[in-house]
Structures are given as C-alpha cells and as structure tokens.
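Come along while I look things up one by one.

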Amino acid sequence: MPESTGPALLGTRLRHLLELLDGDVAAVYADLGLPGFRPRYTPVVRALAAGGPRSIRELAEATGVTHSAASQTVAQMARDGLVTLAPGADARQRIVRLTARAESLLPVLDAEWAATTAAARRFEAELPYPLSRLVDEALAALGRRSMRQRVADEWGTDDAD
C-alpha cells in the first residue's frame with residue numbers, strides 16, 4: 001500500500017479531510033453573507049442559544065472539545081464580537097454570553113445547520129461506514145489508550161535489547 005494511503009500519514013490525511021469539510025462549510029457561511037464566520041463557532045453559538053450563558057468548561061463539555069480548544073474558540077469569537085466574557089463564581093472561571101449580533105444570526109445559522117446536517121447524512125450514505133461512527137469509535141479507543149501510549153509500546157517492541 002502506498003504510504004500516502006496507509007496509517008503512516010493518518011494525522012496528515014485527517015487534517016486534510018477536516019480542511020476540506022470546514023473549508024466548504026466556511027464557504028457556505030460566506031455565501032450566506034457571513035464572511036469570517038468559522039464552522040467551529042456554530043456548536044458554541046447553538047449551545048449558548050439553547051442553554052444560555054455557560055462557563056468555558058461547560059461549553060467544552062457541551063461541544064465535545066477540550067477546555068483549551070473551547071477557550072481558544074471563545075477568545076476568537078469574542079474578538080469577532082459574537083460573545084462576551086464575564087467573571088464567574090471563582091477568579092478562574094469565565095462565563096460566556098452571546099452578543100446581540102450573534103443572536104441576530106441565529107435564524108441563518110439554524111437554517112445552515114439543518115442543511116449541513118442533511119448534507120452530512122447524504123455524504124455518510126455514500127461511504128461504506130459512517131464517518132461519524134468511525135470518529136466516535138476512534139475517540140473512544142484513544143480514550144482507552146492514547147496514541148502516545150501506543151507509540152511507546154511500539155517503540156518498546158524493538159528487538160535491540
């Protein structure tokens with residue numbers, strides 16, 4: 001099997017897949033008159049619209065990303081005028097709220113979400129195995145045993161001892 005299609009370049013190929021998916025969704029946002037709106041913003045906007053103001057930790061849990069990823073997304077959204085941050089119960093906690101600008105985008109974002117979800121279902125129907133299921137299973141497998149642990153195990157199997 002050529003190296004460009006095997007597991008050796010898995011991370012590179014997954015990043016390329018994500019760039020293709022996110023790039024096209026970002027182009028849809030631009031087509032809708034929302035240039036600069038990023039696909040990673042939508043789950044945050046939807047979580048805040050559904051549940052009201054939340055801490056970054058709660059947003060991370062609601063959107064299925066790490067605290068660090070949620071924090072970076074929220075910081076960019078604040079720079080773009082989509083959310084505000086206020087102090088939380090303790091000095092480290094920040095509460096995230098949608099701005100009026102973000103709330104005004106909800107009808108367009110809801111329609112885009114529905115169309116993107118339908119398109120994703122059709123895309124998955126073309127595949128021999130649903131990508132969303134594969135991603136869930138891959139995340140679960142890495143939760144049980146990290147890639148770092150797996151590489152260390154392979155490194156340790158060298159017969160050079």
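Before starting on pockets, I noted what lining means: a lining residue has an atom within 4 Å of a point of the pocket. I also noted that this is a predicted model.

Entry one, the largest pocket. I looked up its volume and found about 2,100 Å³ of space. Its lining counts 42 residues, and I found Leu18, Leu21, Asp22, Leu131 and Val135 nearest the centre. Which helix gives the most to this lining? I found that H1 does, with 12 residues. Helices H2 (41-51), H4 (67-79), H6 (106-125) and H7 (131-144) each supply at least two residues as well. Sorted by class, I read 25 nonpolar, nine polar and eight charged residues in this lining.

Entry two, helix H1 itself. I checked its length: 22 residues (10-31) at 1.5 Å a residue should span 32 Å, and the end C-alpha atoms are 31 Å apart, which agrees. After H1 comes glycine 33, and I noted its positive phi, near 85°.

I found two aromatic pairs. The rings of tyrosine 29 and phenylalanine 37 have centres 4.8 Å apart and planes at 65°, so I wrote down edge-to-face, as the angle is over 60 degrees. Phenylalanine 37 and tyrosine 41 are also edge-to-face, with ring centres 5.3 Å apart and planes at 85°. Buried or exposed, I asked of tyrosine 29 and phenylalanine 37? Both are buried, and tyrosine 41 is buried too.

Terms used. Residues numbered from 1 in each chain as written. Predicted model: local features only at pLDDT ≥ 70, side-chain atom pairs only at ≥ 80, totals over all residues. Heavy atoms only, no water. Phe/Tyr/Trp six-rings, centres within 6.5 Å; stacked < 30°, edge-to-face > 60°. Buried < 20%, exposed > 50% of the residue type's maximum accessible area, 1.4 Å probe, protein only. Helix = DSSP H or I, 4+ residues; strand = E, 2+ residues; numbered from the N terminus. Expected span 1.5 Å × (residues − 1). 1 Å grid on protein atoms, 1.4 Å probe; cavity = no way out; pocket = protein on both sides within 12 Å on 5 of 7 lines; lining within 4 Å. Points joined across faces, edges and corners; volume = space filled by probe spheres on them. Nonpolar A, V, L, I, M, F, W, Y, C, P; charged D, E, K, R; others polar.
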